[in-house]
Amino acid sequence: MKIKTLASAIALSGATLIALPSMAADTIKVGVLHSLSGTMAISETTLKDTVLMMVEEQNKKGGLLGKKLEAVVVDPASNWPLFAEKTRELLTEEEVDVIFGCWTSVSRKSVLPVIEELNGLMFYPVQYEGEESSKNVFYTGAAPNQQAIPAVNYLKDELGVERWVLAGTDYVYPRTTNKILEAYLKDMGVAEEDIMINYTPFGHSDWQSIVSDINKFGSAGKKTAVVSTINGDANVPFYKELGNQGISSEDIPVVAFSVGEEELSGLDTTPLVGHLAAWNYFQSVETEENEEFITQWKAFTKNPDRVTNDPMEATFIGFNMWANAVKDAGTTDVDAVEQAMIGQETPNLTGGVAVMNKNHHLSKPVLIGEIQDDGQFETVWETDGVVAGDAWSDFLPGSKDLIADWTDPVKCGNYNTETKACSGQNY
Amino acid sequence: MNAILTLCLLIGALLPFSVAHAATGEATVQSGSPMLLELTKTKLSKMPAVVEKLEAEGGDAYLPLFRTWLAGNLYYVKSNRSLVEKMGSGKQVTFQAMFSGDPMPDLKKKQVKKVKVNNKLRGKLRSVIARIQLTSEDSSVREAAVRELLAKLDKNVIGILEGLHVKEQNLDVKAMIATALSLYAASDKSNSQSVRLSAIEDLSDSLENDVRNGLTKLTNDSNKAVAAAADEALVSINQRVERYALVDQLFFGLSLGSVLLLASIGLAITFGVMGVINMAHGEMIMLGAYTTYVVQLMMPNHIDYSIWVAIPAAFLVSGLMGVLIERLVICRLHGRPLETLLATFGISLILQQLVRTIFSPLNRQVSTPTWMSGSLEINPVLSLTLNRLYILAFALLVFMALVLLLKKSSLGLNVRAVSQNRNMAKAMGVKTEWVDAMTFGLGSGIAGIAGVALSQLTNVGPNLGQSYIIDSFMVVVFGGVGNLMGTLVAAFTLGIANKFLEPTTGAVLAAILVLVFIILFIQKRPKGLFPQKGRAAE
């Protein structure tokens, strides 16, 4: 039985592989720019599969504008400069109509100049640090005000946290997010000595002294919490060390922005129970849309244990919005689709409706969940309505006055409301 | 249907309930209490009040309920709202009736719903459990219960504690209760100044975290004398804490050193003794870690012993892979270090992608045996994590075994002979090719063993090896190529230096500083800490 399914799976994947290039030119091409090898493969392969699933679904419904969709998958191999080259390849050689891709901010920054030069269209599905809005990119993941700020508010109001550890991996997303959070906390009257900031290298595995420092920092009689922007891989040894040193989630809760169901599926969650994560989506949310999506995903991957996560929902929303925008515009022309995208509405998997704003960011609900022993999250708090994604943070001195608005008459990604001028910088 | 019927019968049987007797530890409770029904209906934010009511109603009879709830195993049957306890985890989940413990084999996961618990509630449950356990049989449980209550002292708790203090026989528990009483007396403003001062005096030799927190609050007290005394007590406590922190740091350093030692000791043989620059060394470690994963998959019910199977298995898997690489690639590139470097780098990429294809790019879950988790608590501020302690001992053991093997066995003699003078050894009848293969296999096998240890500390994923390859080369070069003793000293030196730098400079800068130090050191002494002397040096 098992061998049979395996054989059919191989046959099927073989068939798609052969089928793709042989299709007629009269298809709409969807570029998939996610790393399938290297360090980021762990997270990005899932998103590649999500896009393929969405393409398959759309084709079952008859494609778009009477044409079939065709996925073009490339592998930028977790190599940032290669992301730019692969984008150029997708846009000039394959002539794709849209790209779904990137995970790390540095890969996105590497793609930006190419996609703006060649006037392509990209959907970026991961939570990021903000401070950006490009005409050619739609950001379907969370901006800091849709993840970090609500999480801090939750800790402060619900748990009474007074002392803050901002721990992150040493790269652009944690650095910018922590800068925003530090400014926000100081605005709220938190003293300098009640904030501890710590950065560690990628894949850091020896957390003994940092965890012991956090423990010491937390023994000052004030409720302490850790706001973690620690990147994927390094989280496992971090939580393990917390458990080993006997720090429970009631003593010092950790709220993470990069730990989702997918990351949890690779580890023993016992020491993590009760720690928190802030996302716009949890697999455990019980709605009809979500149940359908999960069933579809498990069927597509032929693995009943596969989990879903937030960037997958962001891909799902992005894809549906793009499909609707193409239908509305009646063409796949980038400029027309870009204008049709603004104001698009599509159902969230967690209930409610996501709206694409003028600044190319989404309005989405924010959820805080506690990690359970089965690797899932239990929603413990959520925002009343949706939160509009903010391209430029209100808490940083340099970007306070900036807004992004891609409709007439502004048509600018970084319009200064004080000087009434667009900086002219492309992104 | 069956389950519901049993439950109805059960409720009927239990209705004329008898109040539990704490000493027997067996509780009989009324399952049909309306308060219990509340558990299945109340919102999470209103739950703490329900917990209090439950404590007032059932007291220690509800202890198993509170414990199950705290562990997140409390569920209720959707159809009749009766409470059940979840047993087991993963795919082998079963349910049993709460309190009676009757198995309910027909109950499916879809028919039950979890009674939610969040951090606030966990804190509440913990203090309720602590209050109940103050009268436990076990003295260590009583001590832990008092410690748990240190941060939550109020008039009621103090009343109970005062009563217990008189009766308590165990000295440790008595001292802990005294600490709690002093802490409350010191912060109670209705007490006279002299009472508060003497209470602070009593607290000044306690290392408990909550005592320090309490004293910190007292330093801002309106009574100047009390504030000054609290300040003084804090200074003396902090001095002792600092001393223990130093011990802690030393332990962290030794532990990092042991990881470095394990990772580099295999390389010390392949690179140090044979002179082969093996870029695939990290992947040998990775293979060892994946072997641990596979072994655990094959014996899911004996995780505690899986490590003992995994160690020889990992040695064999990585060792055989090493022999294979040596026979197929490295022996053909003898004396061409640059080509060897490139070839082994290629092999490392091939192995990584192979693992990705076979096991998926996601990290694999390796469980920690129960005897390796937790920590050895020496006092409230100093506790050594058990897994690190075992790995430190294990690293030293592997090191000594290897030194013995090289010094005392005939293989060791041959290895040393070949590494000193290949042609001469050949002339003496040593099968150099065989020795090469065995040496490389040995080095790789030990890397595999290191993988078993590392699987307990870090992610088991395709990139596991890459994060250790640079460190391994650094240790071997710093210690002196070809010298096992040098590797030992270098690993611990770098580990300790790193951990002492980290608190002041941060992890990123500490790593950089160590690298800069090594570069400068190699400039001064190109052959490392313990350069080889005599003929072997040429």
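1. The buried residues of helix H6 of chain A pack against helix H4 (105–117), H5, strand S6 (163–169), strand S7 (195–200) and strand S8 (224–229) of chain A. Those buried residues are A:Tyr173, A:Pro174, A:Thr176, A:Thr177, A:Asn178, A:Ile180, A:Leu181, A:Tyr184 and A:Leu185. A residue is called buried if 20 or more other C-beta atoms lie within 10 Å of its own, exposed if 12 or fewer do, and partly exposed in between, with C-beta atoms placed from the backbone. Contact requires that the C-beta atoms of two residues, placed from the backbone, lie within 7 Å. Helices (H or I, at least four residues) and strands (E, at least two) are DSSP runs, numbered from the N terminus.

2. The model is predicted, and local features need pLDDT of at least 70, side-chain atom pairs count only at pLDDT 80 or more, while totals for chains, interfaces and linings use all residues. Residues are numbered from 1 along each chain as its sequence is written, and chains are lettered from A and ligands numbered from 1 in the order in which they are written.

3. Helix H6 (residues 172–187) of chain A has 16 residues and spans 23 Å from its first C-alpha to its last, close to the expected 22 Å at 1.5 Å a residue. The expected span is 1.5 Å times one less than the number of residues in the helix. Just after H6(A), A:Gly189 adopts a positive phi of about 95 degrees.

4. Helix H5 (residues 148–159) of chain A has 12 residues and reaches 16 Å between its first and last C-alpha, close to the 16 Å expected at 1.5 Å a residue. Its buried residues are A:Ala148, A:Ile149, A:Pro150, A:Ala151, A:Val152, A:Tyr154 and A:Leu155.

5. Helix H7 (residues 208–217) of chain A is mostly covered, with 7 of its 10 residues buried. These are A:Gln208, A:Ser209, A:Ile210, A:Val211, A:Ser212, A:Ile214 and A:Phe217. In helix H9 (residues 261–264) of chain A, A:Glu263 counts as buried because it has 23 C-beta neighbours inside 10 Å.

6. Most residues other than glycine have a negative phi, and most peptide bonds are trans. A:Glu95, in the loop between helix H3 (80–93) and strand S3 (98–101) of chain A, has a positive phi near 50 degrees. With 12 C-beta neighbours inside 10 Å, A:Glu95 counts as exposed.

7. The loop between strand S17 (402–405) and strand S18 (412–416) of chain A holds A:Pro409. The peptide bond from A:Asp408 to A:Pro409 is cis, with omega near 5 degrees. A:Lys411 is found in the loop between S17 and S18 of chain A, and has a positive phi of about 50 degrees although it is not a glycine. A:Lys411 is exposed, with 12 C-beta neighbours inside 10 Å.

8. In chain B, helix H15 (residues 386–408) and helix H18 (residues 432–454) pack at an angle of about 170 degrees, with their axes 11 Å apart. H15(B) is therefore roughly antiparallel to H18(B). Axes are lines fitted to C-alpha atoms, for helices over the stretch in contact, and angles run from 0 to 180 degrees between N-to-C directions. Angles under 35 degrees count as roughly parallel, over 145 as roughly antiparallel, 65 to 115 as roughly perpendicular and the rest as oblique. B:Ile391, B:Phe394, B:Val398 and B:Leu402 of H15(B) meet B:Ile446, B:Ile449 and B:Ala453 of H18(B). This contact comprises 7 nonpolar, no polar and no charged residues. Ala, Val, Leu, Ile, Met, Phe, Trp, Tyr, Cys and Pro count as nonpolar, Asp, Glu, Lys and Arg as charged, and the others, Gly among them, as polar.

9. The axes of helix H12 (residues 281–298) and helix H19 (residues 466–479) of chain B come within 8 Å and cross at roughly 130 degrees, and the two helices are therefore oblique to each other. B:His281, B:Gly282 and B:Ile285 in H12(B) meet B:Gln466, B:Tyr468, B:Ile469 and B:Ser472 in H19(B). By class, this contact has 3 nonpolar, 4 polar and no charged residues.

10. The contact between the chains takes 45 residues from chain B and 43 residues from chain A. On the side of chain B that touches chain A, the residues divide into 10 nonpolar, 25 polar and 10 charged.
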